[in-house]
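Dear colleague,

I am handing over the structure below, and after it you will find notes on what turned up in it. Please read them with the model open beside you.

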Amino acid sequence: MSDSTTVVDDDAQDDDTLAPARPRGALAILRVVPFTIAVVVVMLVLGVATQTLWKPLVDRDLFDVVAYGLPAFQAGRWYTVVTVALFALTPAQYLAVTGGFAILVGWSEWRLGTRRTVVATLACQAAGILGAAAFIALVGGTSSGWDWAARVADDLDVGFSAGAMGAVAAASVTLLPPWRGRLRFVLSLYAVLAFLYIGLLWDLEHLIG
């Protein structure tokens, strides 16, 4: 009887390590996911300050200033790697951008901790943006004969989705099998299918990130 009790206690202890306690109350949530909350708040504040919460960014001159993509980097606007993460193309997209970031990165921060989540999110965001631009620069242009590459070579984008997906992929390490493999399979399947069948600039960023 004592041996079986010890095994049960050990398993419960392992589960507690892999699944942190659920935060209770607003202050507790703030302590657990400060990075997620800070980014969402900055997104909304900038949306109000620049009026992009009610005026589409894509139709304004500001879009060319803050958006990233191969044309932006060729023009020397490398700062867009940072600024672009805090905007959405249209007012309607703010719901998906802020809500998606809050859910995906919030869950990742709860599982991984703030420092690791910040590193994973920023690294995957930068990898997605710069990697997509480098790939398009290598295979783009009309001389390559690849219509898709020539089409997206002039595209610009905004958003933090590549970083958010990368954070979830990193946080999957905290899950036990088979859920770890299932989550990674779903993320990979989405990224591959979206790139193959939709093929927009951000689909390439998601796949790389």
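**A buried alanine and its partners**

A164 has its place in helix 10, which covers residues 161-171; helices here are DSSP runs of H or I with at least four residues, strands are E runs of at least two, and both are numbered from the N terminus. Because its relative accessibility is 3%, A164 counts as buried, where buried means under 20% relative accessible area, exposed over 50%, and partly exposed in between, with a 1.4 Å probe and protein chains only. Leaving aside neighbours within four places in sequence, A164 is in contact with F101, L104, V105 and T121, a contact being heavy atoms within 4.5 Å. For one of these, L104, the C-alpha atom is separated by 5.9 Å from that of A164, although the two residues are 60 apart along the chain.

**How the model was read**

Please keep in mind that this is a predicted model, in which local features need pLDDT of at least 70 and side-chain atom pairs count only at pLDDT 80 or more, while totals for chains, interfaces and linings use all residues. Residues are numbered from 1 along each chain as its sequence is written, and side-chain values use heavy atoms, with hydrogens and water left out.

**The protein as a whole**

The protein has 12 helices and zero strands, and 38% of its 209 residues count as buried. Among contacts between residues at least 6 apart in sequence, 72% join residues at least 24 apart.

**The end of the chain**

Helix 11 (179-197) and helix 12 (201-208) each supply at least two residues of a nonpolar patch, and the largest share, seven residues, comes from helix 11. I198, which is in this patch, lies in the loop between helix 11 and helix 12 and counts as exposed because its relative accessibility is 54%.

D203, in helix 12, touches A194, F195 and I198, not counting residues up to four places away in sequence. Which side chain of opposite charge is nearest to D203? That side chain is R151, 8.3 Å away, and D203 is buried yet has no salt bridge, meaning a side-chain nitrogen of Lys or Arg within 4 Å of a carboxyl oxygen of Asp or Glu; for charge, Lys and Arg count as positive and Asp and Glu as negative, with His and the chain ends not counted. A polar atom of the D203 side chain does, however, lie 2.9 Å from the backbone nitrogen of L200.

With best regards

Conventions: Patch = residues over 30% accessible without salt bridge, like charges linked within 9 Å, V, L, I, M, F, W, Y side chains within 5 Å. Areas by Shrake-Rupley, 256 points an atom, 1.4 Å probe, with all protein chains shown as cover. Polar contact = N/O pair within 3.5 Å; in protein donor to acceptor, adjacent residues only side chain to side chain.
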